[in-house]
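Me: I would like to go through some helices and cavities one at a time. To begin, how many residues must a run have to be a helix?

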Amino acid sequence: MTDPQVALMMLGLFIIFVFLGFPIAFTLMAMGIGFGYYAYFDPNRQWRGFNRLDETVGNWESWSLWFEGFYNNRIFDLFINQTFTVMSNEVLTAVPLFLFMGYIVERSNIVDRLFVTLNIASKNIPGSMGVAALITCALFATATGIVGAVVTLMGLLALPAMLKARYNPSFASGIICAGGTLGILIPPSIMLIVYAAATNVSIVRLYAAALFPGLTLVGLYLVYIIGRSILQPSSAPRPGPDEVPDVSKSKLFMMILTSFLPLAFLILAVLGSILFGLATPTEAASIGALGGILLAFVYRAMTWQRMRESVYLTVRTTAMVSWLFVGSYTFSAVFSYLGGEQVISEFVQSLDLSPIMFLILAQLIIFLLGWPLEWSEIIIIFVPIFLPLLAIFEIDPLFFGILVALNLQTSFLTPPMAMSAYYLKGIAPPEIRLTQIFSGVMPFLFCVIVSMVLMYTFPQIVFYLPELFYGR
């Protein structure tokens with residue numbers, strides 16, 4: 001077999017192992033080292049010490065020299081260097097800080113207050129409870145960036161309230177699932193940090209570029225919720241006095257002041273300090289983590305157990321992301337050395353695609369990868385395969401990254417592997433069937449596709465803020 005054929009076999013085996021359920025990070029590292037040993041195998045370099053031995057040398061010296069030569073393969077040097085590169089990456093330093101901020105906010109009892117406040121404030125809007133749930137999801141998802149936590153907590157908090165208000169179960173489920181995924185798109189997004197680290201795109205420009213697309217998607221979701229509530233009132237009945245109490249304007253103002261504004265201020269402080277150049281993402285993430293702790297103390301929700309859980313979850317998730325990077329960097333280096341990237345590049349060029357056709361093909365592949373894989377695995381492993389092709393088709397990696405972030409919304413919403421649906425099903429009442437949740441997310445999936453079409457048609461939605469703040 002030629003080296004490029006070995007590279008393609010390497011990629012095929014990896015996909016097979018993923019579907020068999022092997023841990024992806026360690027599979028990447030094992031395959032990178034295994035195939036890398038073959039790629040960098042050089043007996044003259046590894047066992048050149050045997051040339052200096054005489055006939056009187058003992059077995060122990062021979063075996064020691066053989067083992068030394070076995071580990072003298074350059075793949076081990078590559079693996080160590082890649083590990084050091086990942087662990088010293090300044091961009092990735094922001095990941096544990098944003099994660100810690102999210103886990104602290106999740107445990108600060110602010111979300112239930114926020115939902116109740118928004119529910120009362122929007123009671124005169126059609127589908128008011130759905131609107132309140134979506135805005136709460138968007139704010140909470142933006143603060144945490146952890147899809148499973150948002151969907152689970154909002155499923156426990158908002159879903160029973162909407163079902164009690166006689167909302168269509170499918171409609172209510174779709175709102176929570178769609179709203180819970182927004183955190184991987186709207187800054188400060190952990191996914192965008194990972195994309196920046198994987199592609200060397202400026203995280204500051206990425207945050208600026210993602211703001212309008214994220215708000216556009218939220219707007220489309222709100223249009224659908226309000227529109228369906230008007231056209232089909234039975235799916236979202238207006239709440240009665242026993243479901244949403246009447247409160248005075250002064251009390252509502254105090255509720256907004258104590259629930260909505262603190263979280264919104266925390267998000268704006270973190271995002272604003274990044275966009276206006278007042279702090280690096282890592283420094284802003286530190287501010288966010290400290291702000292999350294202060295919020296938890298203010299709401300009297302901080303306990304030693306909650307702090308301990310937040311630290312543990314932060315370390316666990318950060319370790320997963322870091323080892324995914326180590327495995328991906330090692331795998332990609334070997335794959336490229338064997339000529340795999342060149343084969344893929346030549347194949348795509350032979351298709352004679354236009355830039356728009358290439359973008360559609362790439363997004364379709366990422367859409368399909370979203371069924372079996374998490375967003376982190378897609379960003380770290382497969383997106384770098386497309387990067388060398390972007391220059392050929394004259395596509396800005398910034399624009400490509402925002403399209404990928406939009407596309408990955410679908411990976412959480414598309415059956416049969418819609419993780420948001422499974423998160424919600426795990427805590428939903430028994431009478432809520434999985435098929436109902438799937439049918440509820442489909443209109444929101446259509447909204448995601450519409451938003452992607454808007455990005456294709458009007459790319460200035462992506463480029464306006466980065467060019468305004470930082471120039472071309």
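Reply: Helices are DSSP runs of H or I, numbered from the N terminus. The model is predicted: local features need pLDDT of at least 70 and side-chain atom pairs count only at pLDDT 80 or more, while totals for chains, interfaces and linings use all residues. Residues are numbered from 1 along each chain as its sequence is written, and side-chain values use heavy atoms, with hydrogens and water left out. For a helix, the run must have at least four residues.

Me: How many cavities of 30 Å³ or more does the structure hold, and about how much space lies in the largest?

Reply: A cavity is a set of points on a 1 Å grid where a 1.4 Å probe fits but cannot get out, and its volume is the space filled by probe spheres on those points. The structure holds four cavities of 30 Å³ or more. In the largest cavity the space is about 70 Å³.

Me: Which helix gives the most to the lining of the largest cavity?

Reply: The lining (residues with an atom within 4 Å of a point) consists of Leu11, Phe331, Ser332, Phe335, Glu341, Ile381, Phe382, Pro384 and Ile385. The most, four residues, comes from H18.

Me: How do the residues of that lining divide by class?

Reply: Ala, Val, Leu, Ile, Met, Phe, Trp, Tyr, Cys and Pro count as nonpolar, Asp, Glu, Lys and Arg as charged, and the others as polar. Among the lining residues are Leu11, Ser332 and Glu341. The lining divides into seven nonpolar, one polar and one charged.

Me: Which word describes the way H16 lies against H18: parallel, antiparallel, perpendicular or oblique?

Reply: The axes of H16 (residues 340–350) and H18 (residues 375–392) come within 10 Å and cross at roughly 45 degrees. That angle makes H16, relative to H18, oblique.

Me: Which residues of H18 does H16 meet?

Reply: The residues of this contact (heavy atoms within 4.5 Å) on the H16 side are Glu341, Ile344, Ser345, Val348 and Gln349. Six residues of the contact of H16 with H18 are nonpolar, two are polar and one is charged. On the H18 side they meet Ile385, Pro388, Leu389 and Ile392.

Me: How many residues in the contact of H18 with H19 are nonpolar?

Reply: The axes of H18 and H19 (residues 397–411) come within 11 Å and cross at roughly 145 degrees. H18 brings Trp375, Ile378, Ile379, Val383, Phe386 and Leu390 to the contact, and H19 brings Pro397, Phe400, Val404 and Leu408. None of these residues is polar or charged, and the number that are nonpolar is ten.

Me: Are H19 and H21 roughly parallel or roughly antiparallel to each other?

Reply: H19 and H21 (residues 434–457) pack with their axes 9 Å apart, at an angle of about 170 degrees. Angles run from 0 to 180 degrees between N-to-C directions; under 35 counts as roughly parallel, over 145 as roughly antiparallel, 65 to 115 as roughly perpendicular and the rest as oblique. H19 and H21 are therefore roughly antiparallel.

Me: How many residues in the contact of H19 with H21 are polar?

Reply: Phe399, Leu403, Leu406, Asn407, Gln409 and Thr410 of H19 meet Leu445, Val448, Ser451, Met452, Met455 and Tyr456 of H21. Eight residues of this contact are nonpolar and no residue is charged. The number of polar residues is four.

Key
Helices (H or I, at least four residues) and strands (E, at least two) are DSSP runs, numbered from the N terminus. On a 1 Å grid over the protein atoms alone, a cavity is a set of points where a 1.4 Å probe fits but cannot get out, and a pocket is an open set with protein on both sides within 12 Å along at least five of seven lines; lining residues have an atom within 4 Å of a point.
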